[in-house]
Amino acid sequence: MSDDRMYDLEFGIEFLDDSVVVAIGGELDLLTAAVVAGALNATVDPRHRDLIVDVGGVSFIDATGVDAFASVVQHLQPLGGTCTVRSASQLVRRVFDITDMSALVAFVEAEPSTPHGGGAHDDVPQVAGDGDQVDLAASGSGALVRSSTGVVDAALGLVTAVAASTVENADGVSVTLERHGRLMTVAASDDAVKEMDGHQYDTGEGPCLSAKAEGRWFYIESLEDEDRWPKFVPLALEQGIHSILSSPLMTKDRPQGALNIYSSKEHAFSTRDQELAALFSAQASEILTTAGPEETDDEVRQRFTSALTARQVIHQAQGVIMERNGLTAEDVAGALHRAARKAGVTVRVHAAEVVASVDRDRGAEEHR
């Protein structure tokens, strides 16, 4: 597996009567699993209790990638929901088997209309992915930032799509984030929503900006009666918007942006809709906290270097276990995963302990 294509990750989404289909393309491993888990968890809702994850576009998966599915299964169980994995390759099935995850999901083959190949599938709408293949080693920290934010934006795009489908009377949903010192829309359900966000950026006022600045939610039940943002409100009314619900996205106890839901109706959002908005903003905040988009270039480089170093340690530990226990390459990932779970630590921590044990054994032999 090549580290220079770590963040070529894509999502697609399709809503059915009582289920939601999410197509994933790319590599699911140590560097992407947490963001994928956050995106999949955002789809969990009583209206769409059954989740179908099409993995025909997944080119690589390891034990940490499978953890993303364990997380969403845990969220589905209280709702009586199910998780089905569709279009799984032999590699994907094998990793699910050796990590004891096969019993928690159902497997189905690809539907006849489902195309195969890399990336998210053509028959499922794609969501804000980063399609460029970036060479991390050659392109420097700027490439790391573009690549990592591509994954974050794809995951946030999935959140906005689910929110737009789930919140009653929602005519559009967007995510506003602060990047490079200015606010921008990184995910939106349609161009009209982007224009609405743009009106707030241009006028320097509006519920989205206030939610981001003050770290609290704003529900404008009727823009006709609103007098807090005199420059923005007329532009929104002209565009046919009458209700807005903006919820802050928090990272490290600091507002990083806002999730915005627009409606053409007055008093559009019920208490349940407001609770759903809070849930979606929490999921988006979790994605941002995991990925750290507010980091500087140096912090991004340091975090990615740490993650890549951890991957190397895991690979070394797998080699040690293969030699000690006579396991095959296919079996060793599951053995490492199960041993870490039994010890109550992460795979990374257990792998470091395995590697350290080799040094201790060598030291003991030298003192004999």
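1. Buried means under 20% relative accessible area. Cys-208, at a relative accessible area of 0%, is therefore buried. Cys-83 has a relative accessible area of 5%, so Cys-83 is buried too. No disulfide is found: the structure holds zero.

2. A word on confidence before the details. The model is predicted. Its mean pLDDT is 78. Of the protein's residues, 78% reach 70 or more. Confidence is highest in helix 8, at 97. The lowest mean, 25, belongs to helix 4, residues 136-139.

3. Two stretches call for care when reading the model. Over residues 1-7, pLDDT stays under 50. The model has 27 contacts for residues 1-7 beyond four places in sequence. Residues 113-148 also keep a pLDDT under 50. For residues 113-148 the model has 83 contacts beyond four places in sequence.

4. Next, helix 6. This helix covers residues 191-203, 13 residues in total. From first C-alpha to last, helix 6 reaches 18 Å. That is close to the 18 Å expected at 1.5 Å a residue.

5. Both ends of helix 6 have a local feature to check. At the start, a side-chain oxygen of Asp-190 comes to within 3.0 Å of the backbone nitrogen of Ala-192. Just after the helix, Gly-204 takes a positive phi of about 75 degrees.

6. Which residues of helix 6 are buried? They are Val-193, Met-196, Asp-197, Gly-198, His-199, Gln-200 and Thr-203. An α-helix has 3.6 residues a turn, so residues three or four places apart point the same way.

7. Strand 10 spans residues 243-251, and Ser-243 lies in it. Is Ser-243 buried or exposed? Ser-243 is buried, with a relative accessible area of 0%. Its side chain has polar partners in the backbone. The backbone oxygen of Lys-265 lies 2.6 Å from a polar atom of the Ser-243 side chain. The backbone nitrogen of His-267 lies 3.2 Å from a polar atom of that side chain.

8. What does Ser-243 touch, not counting residues up to four places away in sequence? Lys-265 and His-267 are among its contacts.

9. Ile-244 is buried, at a relative accessible area of 0%. Leaving out residues up to four places away in sequence, Ile-244 touches Pro-207, Phe-218, Tyr-219, Ile-220 and Leu-223, among others. Its contacts also include Phe-232, Ile-261, Tyr-262 and Phe-269. Ile-244 and His-267 are 23 residues apart in sequence. In space, their C-alpha atoms are 9.2 Å apart.

10. Now the charged pairs. How many salt bridges are there? The count comes to six. One of them joins Lys-212 and Glu-178, whose closest N and O atoms are 2.6 Å apart. Lys-212 lies in helix 7 and Glu-178 in strand 7, so the pair ties together parts that are 34 residues apart in sequence. Lys-212 is buried, with a relative accessible area of 15%. Glu-178 counts as partly exposed, at 25% relative accessibility.

11. Another salt bridge pairs Glu-214 with Arg-216. Their closest N and O atoms are 2.8 Å apart. Glu-214 is partly exposed at 47% relative accessibility. Arg-216 is partly exposed, with a relative accessible area of 43%.

12. Arg-228 forms a salt bridge with Glu-226, and the closest N and O atoms are 2.8 Å apart. Arg-228 is partly exposed, at 43% relative accessibility. Glu-226 is buried, with a relative accessible area of 14%. Salt bridges that share partners also join Glu-178, Lys-212 and Arg-254 into one network.

Terms used. Residues numbered from 1 in each chain as written. Predicted model: local features only at pLDDT ≥ 70, side-chain atom pairs only at ≥ 80, totals over all residues. Heavy atoms only, no water. Helix = DSSP H or I, 4+ residues; strand = E, 2+ residues; numbered from the N terminus. Expected span 1.5 Å × (residues − 1). Buried < 20%, exposed > 50% of the residue type's maximum accessible area, 1.4 Å probe, protein only. Polar contact = N/O pair within 3.5 Å; in protein donor to acceptor, adjacent residues only side chain to side chain. pLDDT = per-residue confidence, 0-100. Contact = heavy atoms within 4.5 Å. Disulfide = S-S within 2.5 Å. Salt bridge = Lys/Arg side-chain N within 4 Å of Asp/Glu carboxyl O.
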